Amino acid sequence: MEKLTQKEEEVMQVLWSLEKAFVKEIVPELKGTNHYNTVSTIVRKLEEKGYVAYEAFGKTHRYFPIIEKESYRNKFVNNAMTSYFNNSYKNMVSFFAKEEKISANELREILEMIESKEK
């Protein structure tokens with residue numbers, strides 16, 4: 001599974017959310033200004049990479065994801081953890097705590113989730 005560019009990930013987020021969509025339905029869901037032709041090119045690249053497929057309706061296509069969001073997330077979160085956090089969840093969580101991206105309350109909730117699974 002190939003890592004996607006930021007724009008490709010944005011388009012995939014929309015497709016995962018909508019489940020099936022024509023390019024004209026994807027464009028307004030994206031942040032900022034995006035030209036139809038640019039989004040169409042991105043979707044075709046996603047098809048080439050094996051992330052999406054389509055149903056043909058005459059000359060137009062309705063696209064849908066063939067890679068699950070969870071599969072993509074798991075692969076690249078695990079790669080980031082290995083590459084940047086020495087394969088340590090502790091290092092990863094402490095990074096977010098130091099960067100103030102996670103609160104003490106959220107950490108307590110995570111701890112409660114872990115403890116409830118241990119019982």
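User: Which helix gives the most to the nonpolar patch?

Analyst: Helix H6 (residues 104-118) does, with three residues; Leu107 lies in H6. Keep in mind that this is a predicted model, where local features need pLDDT of at least 70, side-chain atom pairs count only at pLDDT 80 or more, and totals for chains, interfaces and linings use all residues. Numbering starts from 1 along each chain as its sequence is written, and side-chain values use heavy atoms, without hydrogens and water.

User: What makes Val93, Leu107, Ile110 and Ile114 a patch?

Analyst: Patch residues have over 30% relative accessible area and no salt bridge, with nonpolar side chains joined within 5 Å (like charges within 9 Å). These four make a nonpolar surface patch of about 270 Å².

User: What makes Lys49 and Glu2 a salt bridge?

Analyst: The rule wants a side-chain nitrogen of Lys or Arg within 4 Å of a carboxyl oxygen of Asp or Glu. For Lys49 and Glu2, the closest N and O atoms are 3.5 Å apart, so the pair qualifies. The two sit 47 residues apart, Lys49 in the loop between H3 and strand S2 (52-57) and Glu2 in the segment before H1.

Definitions and conventions. Areas by Shrake-Rupley, 256 points an atom, 1.4 Å probe, with all protein chains shown as cover. Helix = DSSP H or I, 4+ residues; strand = E, 2+ residues; numbered from the N terminus.
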